[in-house]
2 protein chains.
Amino acid sequence: MEKTLIFGHKSPDTDTICSAIVYADLKRKIGVNAEPARLGSVSKETQYALDYFNVEAPQYIEKVGDDVKNVILVDHNEFQQSVDNIRDVQIAEVIDHHRISNFETKEPLYFRAEPVGCTATILNNMFKENSVTHTMETAGLLLSAIISDTLLLKSPTCTKADVEAAHVLAEIAGVNLEQYGLELLEAGADLSDKSVLDLVTMDAKEFSMGEAKVEIAQVNAVDTSKIYQFQTDLETEITQIIKDKQLDLFLFVVTDILNNDSEVLALGQAKDNVEQAFDVKLDDNNRALLKGVVSRKKQIVTNLTGTFK
Amino acid sequence: MEKTLIFGHKSPDTDTICSAIVYADLKRKIGVNAEPARLGSVSKETQYALDYFNVEAPQYIEKVGDDVKNVILVDHNEFQQSVDNIRDVQIAEVIDHHRISNFETKEPLYFRAEPVGCTATILNNMFKENSVTHTMETAGLLLSAIISDTLLLKSPTCTKADVEAAHVLAEIAGVNLEQYGLELLEAGADLSDKSVLDLVTMDAKEFSMGEAKVEIAQVNAVDTSKIYQFQTDLETEITQIIKDKQLDLFLFVVTDILNNDSEVLALGQAKDNVEQAFDVKLDDNNRALLKGVVSRKKQIVTNLTGTFK
């Protein structure tokens, strides 16, 4: 039987991994030979969710193999965030909640993007639409994705649909939303075993803004100063990435999950755009505190893109 | 109350006009201040449907005005097929059944594309999802769109979902599907009052294929030779369009609605791509018969795009 591969973006986060696993499960239940995959390593936060619900991580792939008939993208659509040979494969579906950019197909497809906080919220609706009931595992993984993407329902990207889905899913998964949510986020904010290179690459995404190439990396932390004690090493790694990828701007975002602010480090010839986008002044260390900013998608990408017209 | 404008593509066909009208109706019923609009003149086929169900054509617009908060695109997504100032407006939603190309947004949106034969089939589902019942008018207009886009359910683009929707909608609209369908298509194939320029522009769409600019115009006819008696005039008009728009290829497609074939006329420096795409030889008049080809989207665009790699 022909195989459909389902995967999220590079530098996978909890929504990308869990949505791939759960959508493959839903697809198999309605008769599609679907397998989940991942394009990068599993974060501590995601591993916490997988361990809690006793689910294995999907297979790692470098590119889509010849045995795959078509692919389904979850949690992304921009080709530069996807598998390297994305232009050579048949895209059957996209399920996403991001802006649409740098995406095209030769043929019609099923494309479903909704302006909600998390891909998992859309997938939860698709279980209903297909009359498939959740297991504890599928509910638990979708819940984990929502908690992760909405910072426990506190991000400005969080919608009523995400809140409702989270409460229903927590019930089915048999967990206390608040307690499990904090445990999950804290597992993700444990950066003790990370190298400086890990920090700037583990959740990094590249964007085209006007003519500019911009990379934005984000880490969650309980204490942002613990990250910035490595300022010099961070700058060394980021400067190398800017050179290798010929970026105009690299924005490193450290998000304080307790206070819901972000302290950013901006490097590259277009770093002034950060000042303009957020009406702040970068200090001598090229850093600035962005009060109330936690969402890369809704607060950072949107504001920055506007400055690259 | 802020206004949302809903419109389909330039050179509007019956799906584009009817989907805009009906989706605006659905939106108003769920509390959105929506108005339909059109980007070109109403075809005879569409006018037949509007007259039959006693519905007025939407307002014609040249560009989106300043009083509009956001827009909803139906039946298209490629910017070159949309309103001229599309890059300056906020796109809230897209409901479509075409390939995705040359489309991007700065922010997340509701984007729903399904690989079905007609936008109206998706809208029919959205009535159900929103628990809004059809009137005779909304059912009749959606039915007309399905008949038009699927050539009375005979096009290879037609899916099970389109067939099911058409039968249900015919019942609500109170018409005999086969009889009303033929009347509608015949009204569209009446080209007696058209100028040669009308013929090559009334349902023309521009596509980017690789680096090439390709325009494909399609007309339905009961007797294709009646069109090609104007071969010389057709070539004069098309050659002018190629020059004005700097096209690499203009493909004029005359579809025989009784035999379900198309006779095409290819002009432009890339006309050899047509021979390659359909494995045919153009005759001395730059024409070829494409047996069984009726769908621009599924049969023509797909095959041609592959030759511009």
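**Close-up views of a two-chain predicted model**

**View 1. Strand S6 of chain A pairs with strand S6 (residues 110–113) of chain B in the antiparallel sense, over 3 bridges.** Strands (E, at least two residues) and helices (H or I, at least four) are DSSP runs numbered from the N terminus, and two strands pair if DSSP finds at least two bridges between them. A:Phe111 has B:Ala113 of S6(B) as its bridge partner. This is a predicted model, in which local features need pLDDT of at least 70 and side-chain atom pairs count only at pLDDT 80 or more, while totals for chains, interfaces and linings use all residues. Residues are numbered from 1 along each chain as its sequence is written, chains are lettered from A and ligands numbered from 1 in the order in which they are written, and side-chain values use heavy atoms, with hydrogens and water left out.

**View 2. Chain A and chain B bury about 2,100 Å² between them.** Buried area is the accessible area (1.4 Å probe) that two parts lose on being put together, summed over both. Carbon and sulfur atoms give 61% of this area. A:Ile100, A:Lys106 and A:Pro108 supply 30% of what chain A buries against chain B, more than any other three residues. On the side of chain A that touches chain B, the elements giving two or more residues are S6 and helix H11 (296–306).

**View 3. The contact takes 22 residues from chain A and 22 residues from chain B.** Contact means heavy atoms within 4.5 Å. Between the chains there are 6 residue pairs in polar contact, both residues at pLDDT 80 or more. A polar contact is a pair of N or O atoms within 3.5 Å; within protein, one must be able to donate a hydrogen and the other to accept it, and residues adjacent in sequence count only if both atoms are side-chain atoms.

**View 4. Helix H3 (residues 119–129) of chain A is mostly covered, with 8 of its 11 residues buried.** Buried means under 20% relative accessible area, exposed over 50%, and partly exposed in between (1.4 Å probe, protein chains only). Among the buried residues are A:Ile122, A:Leu123, A:Met126 and A:Phe127. The buried residues of H3(A) pack against elements including helix H1 (14–29), strand S4 (68–74) and helix H5 (160–173) of chain A. Just after H3(A), A:Ser131 takes a positive phi of about 55°.

**View 5. B:Leu151 has a positive phi near 50°.** B:Leu151 lies in the loop between helices H4 (136–150) and H5 (160–173) of chain B. B:Leu151 is buried, at a relative accessible area of 8%.
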